[in-house]
Amino acid sequence: MRRTNRAVTAVALALTLVAGGFAAWAGWDWYAAAHDDSTAYATQRDRALAAGEQAVQNLNTLDHRDLDHGLDLWESSTTGELHDQLVDGRDAFASQVKAAKTVTTAKVLSGAVTELDDRAGRARVLVALRVTVKAPDAPSTDKDSRLLGELTRTGDHWKLSALGQAPVGGTPAG
């Protein structure tokens with residue numbers, strides 16, 4: 001009986017040491033991952049991408065029946081020179097959209113961060129989207145586009161500071 005008790009005690013002690021070693025290793029691995037700079041960088045990349053995709057979608061969606069809300073959304077999604085251009089041209093653009101009575105909706109198909117300078121608070125994104133335009137007395141038309149956006153971090157948020165067409169195929173980026 002004594003030998004059985006010793007064997008059980010030895011096995012229990014060995015299992016306890018193995019479990020303790022595993023717990024220490026897992027704890028250290030978790031701590032290292034939580035304090036890794038690449039995790040923070042990945043988080044900023046994901047935030048920039050989400051903000052960039054949303055801003056590009058916002059700037060390609062506009063309904064003549066709710067124009068002020070749409071244009072306010074454009075302005076809240078942008079910063080810098082792009083924001084200034086939208087504010088300065090708002091009245092003229094609103095008149096054109098009201099006259100045309102169009103409804104434009106955009107859907108993001110895919111997106112990627114092409115550059116990220118977390119320290120400087122700048123990023124670039126490539127966004128593919130499908131824009132649907134509905135004009136009165138005409139069928140809807142869809143157009144797929146690839147847009148390059150530049151983002152600037154303002155406080156805790158990323159905002160679009162430039163937007164343009166992405167080059168296609170053999171077209172130079174110039």
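**Glutamine 165**

I started with glutamine 165, which sits in strand E5. The model is predicted. I then listed its contacts, leaving aside neighbours within four places in sequence: Ser145, Arg146, Leu147 and Leu148.

**Serine 161**

I stayed in E5, residues 157-165, and moved to serine 161. Its relative accessibility is 18%. The cut-off for buried is under 20%, so serine 161 counts as buried. Which residues does serine 161 contact, leaving aside its neighbours within four places in sequence? I found Thr79, Leu82, Glu150, Leu151 and Thr152.

**The sheet**

Next I traced the strand order. 5 strands form an open sheet, E1-E2-E3-E4-E5, with antiparallel pairing. E1 and E5 stand at the edges with a single partner strand each, so one side of each has no neighbour in the sheet. I noted that strands of a sheet pair through backbone hydrogen bonds.

I went through the pairs in turn.

- E1 (residues 62-63) is joined to E2 (residues 103-117) by 2 bridges. Here leucine 62 stands opposite threonine 104.
- E2 is joined to E3 (residues 122-134) by 13 bridges. Valine 108 has leucine 129 as its bridge partner, and lysine 107 stands opposite arginine 130.
- E3 is joined to E4 by 12 bridges. Valine 133 stands opposite threonine 141.
- E4 is joined to E5 by 8 bridges. Threonine 152 stands opposite lysine 159.

**The hairpins**

I checked the turns for positive phi. E2 and E3 form a hairpin with 4 residues between them, and glycine 121 in the turn has a phi of about 70°. The hairpin of E3 and E4 has 6 residues between the strands. There, aspartate 137 takes a positive phi near 55°. The hairpin of E4 and E5 has 2 residues between the strands, with glycine 155 at a positive phi near 65°.

**Helix H2**

I turned to helix H2, residues 37-59. H2 has 23 residues and reaches 33 Å from its first C-alpha to its last. That is close to the 33 Å expected at 1.5 Å a residue. Which residues of H2 are buried? I listed Gln44, Ala48, Gly52, Ala55, Val56, Asn58 and Leu59. An α-helix has 3.6 residues a turn, so residues three or four places apart point the same way. I then looked at what covers the buried residues of H2. The cover includes H3, H4, E2, E3, E4 (141-154) and E5.

**The largest pocket**

Last, I opened the largest pocket. Its volume is about 330 Å³. How many residues line the largest pocket? I counted 18, with Leu59, Asn60, Leu62, Trp74 and Phe93 nearest its centre. Two of these tie back to earlier entries. Leu59 is among the buried residues of H2, and leucine 62 is the residue opposite threonine 104. Helix H3 (67-76), helix H4 (80-88), helix H5 (90-100) and E3 each supply at least two residues of the lining. By class, I noted 11 nonpolar, 5 polar and 2 charged residues in the lining.

How values were computed:
Residues numbered from 1 in each chain as written. Predicted model: local features only at pLDDT ≥ 70, side-chain atom pairs only at ≥ 80, totals over all residues. Heavy atoms only, no water. Buried < 20%, exposed > 50% of the residue type's maximum accessible area, 1.4 Å probe, protein only. Contact = heavy atoms within 4.5 Å. Pairing = 2+ DSSP bridges. 1 Å grid on protein atoms, 1.4 Å probe; cavity = no way out; pocket = protein on both sides within 12 Å on 5 of 7 lines; lining within 4 Å. Points joined across faces, edges and corners; volume = space filled by probe spheres on them. Nonpolar A, V, L, I, M, F, W, Y, C, P; charged D, E, K, R; others polar. Expected span 1.5 Å × (residues − 1).
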